[in-house]
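Work through the exercises below with the structure in view. Try each task before reading its solution.

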Amino acid sequence: MNKSELGAELVKSKWQQANDVEREEVLLELKRRGLSISDAILALRNSGFYSLGEAKEYISTSPAWQAEVENGKALHEIAWQVLDDFVASQRYKP
């Protein structure tokens, strides 16, 4: 069983009866168990409570994963800038 499958089992066992604070605790537990943000998204998806898009949205607004979300945004911006720079450099080659 991989991490997201183990995470899905944890989510299935606690999520449905949990309030918002308890759900954040579940997400923190996933993090403590070494799941990546992608694993956590898949755990929510594989639990059957959310679609993939809903799971991504839920995690992206979770305080438990806020640092990873912000790091991902920064990395995404850097990647786009590198791609834009590369495309621009290819256009103006003599």
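A residue is called buried when its relative accessible area is under 20%, exposed when it is over 50%, and partly exposed in between (1.4 Å probe, protein chains only). This is a predicted model, in which local features need pLDDT of at least 70 and side-chain atom pairs count only at pLDDT 80 or more, while totals for chains, interfaces and linings use all residues. Residues are numbered from 1 along each chain as its sequence is written, and side-chain values use heavy atoms, with hydrogens and water left out.

**Exercise 1.** Decide whether Val87 is buried, partly exposed or exposed.

Step 1. Locate the residue: Val87 is in helix H5. Helices (H or I, at least four residues) are DSSP runs, numbered from the N terminus.
Step 2. Apply the cut-offs: Val87 has 31% relative accessibility, so Val87 counts as partly exposed.

**Exercise 2.** Find the buried residues of helix H4 and state what they pack against.

Step 1. Helix H4 spans residues 52-60, and its buried residues are Ala55, Tyr58 and Ile59.
Step 2. These residues lie on the same side of H4, because they cover an arc of only 95° around the axis. The arc is taken from the directions from the helix axis to the C-beta atoms.
Step 3. The buried residues of H4 pack against helix H2 (20-32), helix H3 (37-46) and helix H5 (66-91).

**Exercise 3.** Describe the salt bridge between Lys31 and Glu68.

Step 1. A salt bridge requires a side-chain nitrogen of Lys or Arg within 4 Å of a carboxyl oxygen of Asp or Glu.
Step 2. The N to O distance between Lys31 and Glu68 is 3.0 Å.
Step 3. This pair links distant parts of the chain, with Lys31 in helix H2 and Glu68 in helix H5, 37 residues apart.
Step 4. Lys31 is partly exposed at 29% relative accessibility, and Glu68 is partly exposed at 26%.

**Exercise 4.** Which residues are linked in a network of salt bridges?

Step 1. The whole structure holds six salt bridges.
Step 2. One of them joins Arg32 and Glu29 at 3.3 Å, N to O. Both residues lie in helix H2, three residues apart, about one turn of the helix.
Step 3. The network links Glu25, Glu29, Arg32 and Arg33.

Key: Helix = DSSP H or I, 4+ residues; strand = E, 2+ residues; numbered from the N terminus. Contact = heavy atoms within 4.5 Å.
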